[in-house]
Amino acid sequence: MQICPKECIRMEEDTEGFLYPVIDEEKCIHCGLCERVCPVINRKQKTYEEHVYAASSTDETLLKRSSSGGMFGVLADYILKQGGVIFGCAFDEEMELRHYSAQTEEEYRAFHGSKYVQSNTRNTFQECKEYLQAGRYVLYVGTPCQIAGLKSFLQKEYDNLLAVELLCHGVPSPGLFRYYLKELEAEKGKKICNVAFRFQDQGWKIFRFKIDFEDGEKEVYPGVQNAFMRAFLNNLTLRPSCYNCRFRLNYSQADVMIGDFWGVGNYYKNFDETLGASVFIALSKKGERTFEAVKEKLQYLETDWSKVLPANGCVNLSVFPNRNREAMMQAY
């Protein structure tokens, strides 16, 4: 959509609540740009040998507002200090998850925390390119497919871009999430103003789902007792392509992958995971240089795949579809 010179491609929601491109054939000039930048058609295999780390920020305040080890905040602060721009996702006033740019810590604070819904990148690839061409440093954070899309859209490498992908389980339907919130608002008789998918009041390892209402009240559920989270974790609501992801490890286009390092305490007893632990995977030389630049802000140690994969299979494997997925989405 963002590459089209005639703006004849629009994104429309299907019956499952996912966005797909639709082409206005009358406006189309058949330039082929959309096919040339499609990351699925033009999938690239990477050759860099990864470096794997367990890491967490030494800033306790940052850790408490993060979902795992605070690596996003560490990287964002590093880019900001170089006069850079941060791209990440946050909910708008209507609780739709969208990508935005930020140039201050206050602006990017809403990007913190896991959000288990597919975000809408809107026109941020174009905006990112403008900053890059102007010589600004840019940190762009997204799912592996979003990062592959961005890199393909740019059509060239930029030394001033740090592309960071999240260790991704898969993305639930935005339409279904919207429906869930509206149903809950109708039941409670008041408007929802925020959702925290990984509320940290009882520590990093305990999934808690928190809903904030405009009247100041809040409700907190154990993650396994919340209907939306339970459906997500059981692979009932993911985008169909997530069950055969084309952008797992060997086809990643990112410089860095970050995510939870589940099980780190089983291998490294001296690693303090009380407030969270991240896996940081340098996927390019630029990613490795970045780690070297920020490591003074971290508790870290170098590790290997044998420690990461047992509890973090989504690094290199797609999730299996639940046999009840079709019935679930038809019901929606």
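The legends below accompany several close-up views of one predicted model.

Because the model is predicted, local features are described at pLDDT of at least 70 and side-chain atom pairs count at pLDDT 80 or more, whereas totals for chains, interfaces and linings use all residues. Residues are numbered from 1 along each chain as its sequence is written, and side-chain values use heavy atoms, with hydrogens and water left out.

**Figure 1. The packing of helix 3 and helix 10.** Helix 3 (residues 71-80) packs with helix 10 (residues 285-294) at an angle of about 90°, and their axes are 11 Å apart. Helices (H or I, at least four residues) and strands (E, at least two) are DSSP runs, numbered from the N terminus. Axes are lines fitted to C-alpha atoms, for helices over the stretch in contact, and angles run from 0 to 180 degrees between N-to-C directions. Helix 3 is therefore roughly perpendicular to helix 10; angles of 65 to 115 degrees count as roughly perpendicular, under 35 as roughly parallel, over 145 as roughly antiparallel and the rest as oblique. Val74, Leu75 and Tyr78 of helix 3 meet Thr290, Ala293 and Val294 of helix 10 in this contact (contact means heavy atoms within 4.5 Å). The contact of helix 3 with helix 10 has five nonpolar residues, one polar residue and no charged residues. Ala, Val, Leu, Ile, Met, Phe, Trp, Tyr, Cys and Pro count as nonpolar, Asp, Glu, Lys and Arg as charged, and the others, Gly among them, as polar.

**Figure 2. The buried residues of helix 3.** Helix 3 is largely enclosed by the rest of the structure, because eight of its ten residues are buried. Buried means under 20% relative accessible area, exposed over 50%, and partly exposed in between (1.4 Å probe, protein chains only). The buried residues of helix 3 are Met71, Phe72, Gly73, Val74, Leu75, Ala76, Ile79 and Leu80.

**Figure 3. The largest cavity and its lining.** On a 1 Å grid over the protein atoms alone, a cavity is a set of points where a 1.4 Å probe fits but cannot get out, and a pocket is an open set with protein on both sides within 12 Å along at least five of seven lines; lining residues have an atom within 4 Å of a point. Grid points are joined across faces, edges and corners, and a volume is the space filled by probe spheres set on the points. A search of the whole structure finds one cavity of 30 Å³ or more, and the largest cavity has a volume of about 40 Å³. Among the residues in its lining are Pro144, Glu165, Phe247, Arg248 and Cys314. By class, the lining of the largest cavity has nine nonpolar, no polar and two charged residues.

**Figure 4. The largest pocket.** This pocket has a volume of about 1,400 Å³. Of the 47 residues that line the largest pocket, Met11, Leu19, Pro21, Gln118 and Arg239 are the closest to its centre. Helix 6 gives the most to the lining, with five residues. The lining of the largest pocket comprises 28 nonpolar, eleven polar and eight charged residues.

**Figure 5. The second largest pocket.** The volume of the second largest pocket is about 940 Å³. Of its 44 lining residues, the closest to the centre are Ser114, Tyr116, Leu166, Leu167 and Asp260. Helix 3 and strand 4 (85-91) are among the elements that each supply at least two residues of this lining. The lining of the second largest pocket has 20 nonpolar, 21 polar and three charged residues.

Figure 6. Gln118 lies in the loop between helix 4 (105-108) and helix 5 (124-133) and is buried at 17% relative accessibility. Phe91, found in strand 4, is buried at 17% relative accessibility.

**Figure 7. Positive phi at Met95 and Gln155.** Met95 has a positive phi of about 65° although it is not a glycine. Met95 is placed in the loop between strand 4 and strand 5 and is buried, with a relative accessible area of 7%. Gln155, also not a glycine, has a positive phi near 65°. Gln155 lies in the loop between helix 6 and strand 7 (161-166) and counts as partly exposed at 48% relative accessibility.
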